[in-house]
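Here's a quick tour for anyone meeting this structure for the first time. Have a look at it, then read on.

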Amino acid sequence: MNYDEIIKNTLDEKRYLHTKGVVNTAIQLADKYGADKEKASIAAYLHDYAKPLKYDESLMLIDKFGIILDEETLENKELLHAPLGMIIAKYEFGISDEEILDAIRYHTTGKENMPLLTKIIYLADLIEPSRNFDGVDKIRELAFKDLDQALIVSMNNTIVYLIQKNSVIHSDTYKARNYIIRNWN
Ligand code: DGI
Ligand code: FE
Ligand code: FE
Ligand code: FE
């Protein structure tokens, strides 16, 4: 399947360039850490596929496929596009590989005990070349030295950002961070 063509036709220019950045960065990280580069590429291409969908369309699709999601995810448009992307990858593009599906599903929050490919997509999403938040260069550098440390710094940033905005912190977000910290040496 030509995922490049597919996303070129469905995502706006900015999100298309972001996605291409995630693909390239994910392949580099996969190369560095010994993950499957083909799987990294597919997960990266599709990770934000559901992003342009409106909230009501998103809820309808979730209902249609009978996917059970927790309340915290269902009430948050920002979070919903990740599990919805997984659903579309599975049912529209016929992807059955669990590593790819997990990486798409958890690319926004992370989760407890993340598989390698899921860590790679999570991080590639944050550090791809068009991202420019404060501290991103430090994380870019760390990402190729110590994957878990780069994840801890990223998750700390995200949690501080959410606290500053008075946003709800999804349980997967803090569980992802706690797990890495407890198992990091
Ligand atoms: O889709 P992208 O813009 O490429 O990036 P993303 O899917 O990583 O993140 C989308 C947004 O989700 C981002 O602004 C941060 C936010 N987010 C991440 N974790 C949580 C969260 N928002 C809430 N409310 N709670 C979380 O735990
Ligand atoms: Fe996303
Ligand atoms: Fe992300
Ligand atoms: Fe993204």
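## The metal site and the ligand pocket

Let's start with the metal: the iron ion (ligand 2) is held by Asp48 (OD), His81 (NE2) and His107 (NE2), at 2.1 Å. Keep in mind that this is a predicted model. Along the sequence, the donors of the iron ion (ligand 2) follow the spacing D-x32-H-x25-H. Asp48 sits in the loop between helix 3 (37-46) and helix 4 (55-64), while His107 belongs to the loop between helix 7 (98-105) and helix 8 (116-127), so this pair ties together parts that are 59 residues apart in sequence. There's another iron ion too: ligand 3 is 5.2 Å from the iron ion (ligand 2).

Now for ligand 1. You'll find ligand 1 in the largest pocket, surrounded by 18 residues, with Lys51, Thr108, Arg131, Val168 and Thr173 the closest. That shell is made up of four nonpolar, eight polar and six charged residues. Helix 2 (13-33), helix 6 (77-91) and helix 10 (147-164) are the elements that each give two or more residues to the shell around ligand 1. Helix 6 provides the largest share, three residues.

| Residue | Part of the residue | Atom of ligand 1 | Distance |
|---|---|---|---|
| Asn76 | side-chain N or O | nitrogen | 2.9 Å |
| Asp125 | polar side-chain atom | oxygen | 2.9 Å |
| Val168 | backbone N or O | nitrogen | 2.8 Å |

How much of ligand 1 does the protein bury? Taken alone, ligand 1 exposes 580 Å², and the protein buries 86% of that.

Definitions and conventions:
Residues are numbered from 1 along each chain as its sequence is written. Chains are lettered from A and ligands numbered from 1 in the order in which they are written. This is a predicted model: local features need pLDDT of at least 70, side-chain atom pairs count only at pLDDT 80 or more; totals for chains, interfaces and linings use all residues. Side-chain values use heavy atoms; hydrogens and water are left out. A residue is near a molecule or strand if one of its heavy atoms lies within 4 Å of it. A polar contact is a pair of N or O atoms within 3.5 Å; within protein, one must be able to donate a hydrogen and the other to accept it, and residues adjacent in sequence count only if both atoms are side-chain atoms. Accessible areas come from the Shrake-Rupley method with a 1.4 Å probe; for residues, only the protein chains shown count as cover. On a 1 Å grid over the protein atoms alone, a cavity is a set of points where a 1.4 Å probe fits but cannot get out, and a pocket is an open set with protein on both sides within 12 Å along at least five of seven lines; lining residues have an atom within 4 Å of a point. A molecule sits in a cavity or pocket if more than half of its atoms lie within 2 Å of its grid points. Helices (H or I, at least four residues) and strands (E, at least two) are DSSP runs, numbered from the N terminus. Ala, Val, Leu, Ile, Met, Phe, Trp, Tyr, Cys and Pro count as nonpolar, Asp, Glu, Lys and Arg as charged, and the others, Gly among them, as polar. Donors are N, O and S atoms within 2.8 Å of the metal (3.2 Å for Na, K and Ca); water is not among the atoms, so sites may look incomplete.
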